[in-house]
2 protein chains.
Amino acid sequence: MDSVGSVEELGRRDRKKLETRAALAEAALRLVAERGLAGVTVEDIAEAADVSSRTFFNYFPSKEDALLVAPADVETAWPKSLASAPAGLTALQALRLVLRGQAECMEQRAEEVRLRIKVIEENPSLLPRLVSGGFANERALAAAVAERIGPERAAGGYPELLSAVGLAAFRVAMLRWSRTKGSVPMTDLLDDAFDRLAAGLPEP
Amino acid sequence: MDSVGSVEELGRRDRKKLETRAALAEAALRLVAERGLAGVTVEDIAEAADVSSRTFFNYFPSKEDALLVAPADVETAWPKSLASAPAGLTALQALRLVLRGQAECMEQRAEEVRLRIKVIEENPSLLPRLVSGGFANERALAAAVAERIGPERAAGGYPELLSAVGLAAFRVAMLRWSRTKGSVPMTDLLDDAFDRLAAGLPEP
DNA sequence: GAGCAAAGTTTCATGCTCTGAAAGCAGGTG
DNA sequence: CACCTGCTTTCAGAGCATGAAACTTTGCTC
């Protein structure tokens, strides 16, 4: 899925593909939220989206993946975003900026995001896969950090450490946000976490 | 598996159970290292351990779990270890001490650990499950941190942040260690990561 | 030791997940 | 319109995972 090109510019075929994909993802999320992961089969999801179950697998490699579509696109977006952050910022500050952007984006789709988090928390077997996608992000981010600070300073494992730790902080902020039902903006929680990181994690 | 009680004290039945379990885990690791995850079926593993495939599932809920038996016991050991760390230490210092202990323990079984890491890196679909176990650890650790610093300072999400970030640092150090084939002790890499955390992640 | 109960293993049956292949259908193109 | 490409469907099949019932081993008791 390219980041350029709106839905209207595509032919009927590609539009139908997007529709089918969205219908499958939506059906999966809705059904699993209702009945739990084990209570929903791929056939149920395909049925609800009005396609064959074989078609489901043309879009998603597994049932779980249909529930976790969102994290996919960030894998390319974050590194790009990190590269275009102001040059004056340290890598830590730049990463914070990128993740703030993501937080804002997620708050606009708060309902969907919260539903997804709910589904994940109710079906712990999904957690792995969520973090797995996060792992691919981590590598991509580490590469972008290395690019940013230059090869000689990148040796020694700083990029890997920074992206691993930064994403961990993001995840904690996100889960904290989902617990406080919208009373605190995710960006505030993220800022809090990054302030602590930058201060060396002093005890409160 | 209790920490008390050696193998000799158990009856024949329990000894056989341990043997079977170990044989299955060993066969799984060996076969997957040779042929890759997709090239090995549960039946292959059961065959190699000379039991029926149904018996395999009496020991492990899935093929993947047979490859990741080790991380299971740390879930209770780390919180205990954290609680018994010297009272003078900050939570960050105590966590560092606990993870150093784990690193030392892993270096004693370096061959096995490296083989396991190799298998995981070659089969990324395992990563999820590994991190899943890690997630349970994270919660247990967060609870132990909260216990350590007291309820009023635990509000505000510090325990969750510290354990998430600390484990991320540990994971990075471990992977870095597995890449440098034993030339650098894992404890050194861990110290490096925690020094950076305590200093607020300054760019190198 | 003989017998008994508990626990573990095996076999059998079953449902779901996921993949490959071949045939059919629709969209885009000359 | 005719054709080609690409997506969907149907069909077939391997592997994963679980439940139930029969069988074997173990450990204990008398």
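Predicted model: local features only at pLDDT ≥ 70, side-chain atom pairs only at ≥ 80, totals over all residues.
Local features need pLDDT of at least 70 and side-chain atom pairs pLDDT 80 or more, while totals for chains, interfaces and linings use all residues. Residues are numbered from 1 along each chain as its sequence is written, chains are lettered from A, and hydrogens and water are left out of side-chain values.

Biologist: Which axis relation superposes chain A on chain B?

Modeller: The superposition is by least squares on C-alpha atoms of residues with pLDDT of at least 70 in both copies. A rotation of 180° with 0.1 Å of shift along its axis places chain A on chain B, with RMSD 0.3 Å. That is therefore the relation of a two-fold axis.

Biologist: Which residue of chain A has the C-alpha nearest the axis?

Modeller: The C-alpha in question lies 1.8 Å from the axis. It belongs to Gly200(A).

Biologist: Is Leu201(B), a residue with positive phi, buried or exposed?

Modeller: Leu201(B) is in the segment after helix 11 (186-198) of chain B, and its phi is near 55° although it is not a glycine. Buried means under 20% relative accessible area and exposed over 50%, with partly exposed in between (1.4 Å probe, protein chains only). At 2% relative accessibility, Leu201(B) counts as buried.

Biologist: Where is Asp50(A) found?

Modeller: Asp50(A) is not a glycine, yet has a positive phi of about 60°. Its relative accessible area is 68%, so Asp50(A) is exposed. Asp50(A) is found in the loop between helix 2 (42-49) and helix 3 (53-59) of chain A.

Key: Helix = DSSP H or I, 4+ residues; strand = E, 2+ residues; numbered from the N terminus.
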